[in-house]
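Visitor: Please show me the model. I would like to go through its helix packing and its ligand site.

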Amino acid sequence: MSSQSIMPAAQSELTPDLARAIVARAEQISGIRIDAGKLEFVRLRVGRRLAALSLDSFEGYLQVLSRDSAGEEVRHLVEALTTHTTSFFREHRHYDWLEQEGIDRLLEGRDRGPFVVWSAAASIGAELWSAGMILAERNDKGHGPTDWQLIGTDISERILQRATAATFAEDEITGITPSRAARFLLRSRKLRDRNGCPIYRIAPDLRARARFQRVNLQDLKGLAPFSADIAFLRNVLIYFDEDGRNRVVSNVAGRLRPGGILFTGHAEPLGPHPMLETVRPTIYRKV
Ligand SMILES: C[S@@+](CC[C@H](N)C(=O)[O-])C[C@H]1O[C@@H](n2cnc3c(N)ncnc32)[C@H](O)[C@@H]1O
């Protein structure tokens with residue numbers, strides 16, 4: 001992006017009222033709560049939309065939002081305001097638990113249907129691929145579920161394009177051990193990232209198990225029925241207010257099969273919930 005295109009946004013004034021009005025539009029659609037008091041953050045993120053639309057004032061941008069009956073611009077706004085930080089095997093205790101006891105428990109007394117892992121706020125997919133690697137390793141050793149699927153959802157279309165491409169730069173794969181990298185990553189002979197380092201792609205057998213879809217966790221509209229054995233709902237609840245959080249937890253728990261496991265982020269422990277019992281802090285079982 002040229003410095004010229006950034007200038008108008010940087011120069012226009014963002015008052016607290018304007019910030020609140022703009023952020024409220026994103027909140028209505030996604031349920032996420034952005035602290036409109038963080039003016040610098042809002043100015044920076046929404047400023048990108050002003051630059052993209054060649055607008056020179058936040059007031060003008062608010063007018064664009066008020067004419068946006070198709071919701072196209074609000075989607076861009078939500079993209080601009082959301083954060084997609086993630087990594088492979090992030091919060092590794094969840095994966096350790098799955099490897100050491102979780103998957104065995106899930107497989108006990110299970111009858112039919114594919115074993116489904118759902119990453120509900122998938123970002124670029126690192127969480128989903130990490131779980132996929134654990135299942136594939138069990139398959140390789142002959143004692144995992146044979147019929148299994150990986151489902152990744154997120155509200156951001158842009159981030160899901162990256163998830164679907166399943167390509168990662170060298171500094172994004174640091175959480176993957178060398179033996180897993182050898183089994184699950186293909187190093188591109190031609191492609192390089194912006195630092196000139198190689199690009200890696202998830203192996204085809206894992207990619208063949210996965211699908212990604214844009215879904216708003218507030219309503220799950222458009223998400224075909226499935227019963228998940230494992231749902232990751234991590235590092236997204238922090239963006240919702242209490243009502244939104246309760247709604248999202250119930251929506252996700254409602255898609256777990258009885259006995260299925262829900263993981264939340266380590267900073268997002270849940271209070272009592274009628275559909276869930278605590279296995280360990282941030283690990284819950286559907287009753
Ligand atoms: C910080 S990332 C977390 C990624 C991953 N779960 C992890 O813990 O590493 C949060 C993700 O939640 C997504 N998100 C925010 N609001 C959402 C909503 N209402 N519905 C679905 N996804 C949402 C964002 O687009 C972002 O990719």
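Helix packing and ligand site

Guide: Helix α2 (residues 16-30) and helix α4 (residues 58-66) pack at about 30°, with axes 10 Å apart. The model is predicted: local features need pLDDT of at least 70, side-chain atom pairs need 80 or more, and totals for chains, interfaces and linings use all residues. Residues count from 1 along each chain as its sequence is written, and side-chain values use heavy atoms, without hydrogens and water.

Visitor: Is α2 roughly parallel or oblique to α4?
Guide: α2 and α4 pack at an angle of about 30°. Angles under 35 degrees count as roughly parallel. So α2 is roughly parallel to α4.

Visitor: Which residues of α2 make the contact with α4?
Guide: Contact means heavy atoms within 4.5 Å. On α4, the contact is made by F58, E59, Y61, L62, L65 and S66. On α2, it is made by L18, A21, I22 and R25.

Visitor: Which residues come nearest the ligand?
Guide: There are 21 residues around the ligand. Near means a heavy atom within 4 Å. The nearest are H84, T86, R90, D154 and N235.

How values were computed
Axes fitted to C-alpha atoms, helices over the stretch in contact; angles between N-to-C directions. Helix = DSSP H or I, 4+ residues; strand = E, 2+ residues; numbered from the N terminus. Parallel < 35°, antiparallel > 145°, perpendicular 65-115°, else oblique.
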